[in-house]
Amino acid sequence: MVVTALMLSRIRDLFAAAILCGIYSLLGATAYVVMDAVDVAFTEAAVGAGLSTVLMLGTLALTTDKEIITPREKRLPAILIVLFTGGVLFYGTSDMPHYGDPVAPVHNYVAPRYILKSDNEIGIPNVVTSVLASYRGYDTLGEVFVILTAAVGVISIIGRREGKAKTNKINRMSG
Amino acid sequence: MPFPGLFNYWIVVILMMIGLYIVIAHGNLVKKIIGINVFQVSVFLLYITIGKVAGGSAPILDQGIEVYSNPLPHVLILTAIVVSVATTALGLALVVRIRNAFQTIEEDEIDQQEKTG
């Protein structure tokens with residue numbers, strides 16, 4: 001994954017970059033399966049690797065697929081900022097619970113309740129589904145609103161252009 | 001465990017910084033959105049790493065399984081993935097619109113046109 005991400009930062013051809021982005025997502029999905037998050041892996045593979053790539057390719061078809069080379073003086077401050085932030089974050093990871101630690105703070109509050117009781121209360125074997133649709137149903141409702149807003153946004157941004165072009169044509173024809 | 005317990009967090013930080021670098025250093029708007037994507041996936045990876053319990057299985061209830069991974073981060077990330085695609089779509093739509101207005105998707109050229117134009 002790191003290699004793919006590095007390639008993404010180096011590559012100038014945006015078409016290749018979009019495909020690499022899909023590969024990157026797919027590798028991410030594999031990592032989720034390894035870490036027991038099968039539902040997340042499904043979604044990532046379908047949405048992240050599939051839909052995002054299609055959206056990007058669509059955009060590239062409407063725009064251009066070549067990128068100009070970033071000037072060197074612009075790169076140096078970026079590298080400095082990134083190294084500094086990365087260093088701070090690396091320092092921060094030393095306080096994190098180790099991978100797979102069963103007594104980490106995340107596992108102490110609502111999670112055991114979900115696992116122990118959701119079978120009786122909801123009756124769906126997949127805990128992720130019952131948490132998503134029932135315990136945190138409002139989150140999911142909010143998510144639907146986000147998608148709706150995004151869809152409305154996209155339509156009003158791109159759709160208006162075509163509407164304008166049409167009215168321009170009509171104006172020209174009538175004028 | 002074959003590697004140190006913090007290995008996953010290191011990978012997350014590295015990926016996150018690559019994403020941040022792409023967003024800051026590249027002038028191309030599509031490339032910036034790709035950078036945001038890289039960043040987002042690294043955050044997802046962080047959450048899923050937190051949710052993993054050693055020896056646990058996927059949180060689908062079944063008899064004979066004692067230890068499950070934590071389902072809560074999975075749920076949060078499911079929501080986050082969908083939201084991330086929504087933002088990506090919106091960003092790309094803006095890029096298309098900008099390209100129509102300025103005939104370019106490079107930040108510097110847009111700046112120049114703004115100054116001269």
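## How chain B meets chain A

In this structure, 78 residues of chain B are in contact with 87 residues of chain A. Keep in mind as you look around that this is a predicted model.

Let's start with the meeting of the two chains. Together, chain B and chain A bury about 7400 Å² between them, and 76% of that area lies on carbon and sulfur atoms. How many salt bridges are counted between chain B and chain A? The count is zero. For residue pairs in polar contact between the two chains, the count is two, with both residues at pLDDT 80 or more.

Which parts of chain B build the side that touches chain A? Helix 1 (7-25), helix 2, helix 3 and helix 4 (107-116) of chain B each supply at least two residues. Helix 3 of chain B gives the largest share, with 24 residues. Sorted by class, this side of chain B has 53 nonpolar, 17 polar and eight charged residues.

Now follow helix 2 of chain B, which spans residues 29-51.

| Partner of helix 2 of chain B | Axis distance | Angle |
|---|---|---|
| Helix 3 of chain B (residues 71-102) | within 10 Å | roughly 180° |
| Helix 3 of chain A (residues 38-62) | 12 Å | about 175° |
| Helix 2 of chain A (residues 14-34) | within 11 Å | roughly 5° |

Take the partner in its own chain to begin with. Helix 2 of chain B and helix 3 of chain B cross at roughly 180°, which makes the two roughly antiparallel. Their contact is formed by 14 nonpolar residues, eight polar ones and no charged ones.

Next comes helix 3 of chain A. Its angle with helix 2 of chain B is about 175°, so these two helices are roughly antiparallel to each other. On the chain A side, the contact includes Val40(A), Glu44(A) and Met56(A), while on the chain B side it includes Ile33(B), Asn37(B) and Phe44(B).

Is helix 2 of chain A roughly parallel or antiparallel to helix 2 of chain B? The two axes cross at roughly 5°, and that makes these helices roughly parallel. Among the residues making this contact are Ala17(A), Cys21(A) and Tyr24(A) of chain A, along with Lys31(B), Val38(B) and Leu45(B) of chain B. The contact divides into 14 nonpolar, three polar and one charged residue.

Arg99(B) and Leu29(B) are 70 residues apart along the chain, yet their C-alpha atoms are separated by 9.8 Å. What does Arg99(B) touch, leaving aside its neighbours within four places in sequence? Its contacts are Leu62(A), Thr63(A) and Thr64(A) in chain A, and Thr104(B) and Ile105(B) in chain B.

Note on methods. Residues are numbered from 1 along each chain as its sequence is written. Chains are lettered from A and ligands numbered from 1 in the order in which they are written. This is a predicted model: local features need pLDDT of at least 70, side-chain atom pairs count only at pLDDT 80 or more; totals for chains, interfaces and linings use all residues. Side-chain values use heavy atoms; hydrogens and water are left out. Axes are lines fitted to C-alpha atoms, for helices over the stretch in contact, and angles run from 0 to 180 degrees between N-to-C directions. Helices (H or I, at least four residues) and strands (E, at least two) are DSSP runs, numbered from the N terminus. Angles under 35 degrees count as roughly parallel, over 145 as roughly antiparallel, 65 to 115 as roughly perpendicular and the rest as oblique. Ala, Val, Leu, Ile, Met, Phe, Trp, Tyr, Cys and Pro count as nonpolar, Asp, Glu, Lys and Arg as charged, and the others, Gly among them, as polar. Contact means heavy atoms within 4.5 Å. Buried area is the accessible area (1.4 Å probe) that two parts lose on being put together, summed over both. A salt bridge is a side-chain nitrogen of Lys or Arg within 4 Å of a carboxyl oxygen of Asp or Glu. A polar contact is a pair of N or O atoms within 3.5 Å; within protein, one must be able to donate a hydrogen and the other to accept it, and residues adjacent in sequence count only if both atoms are side-chain atoms.
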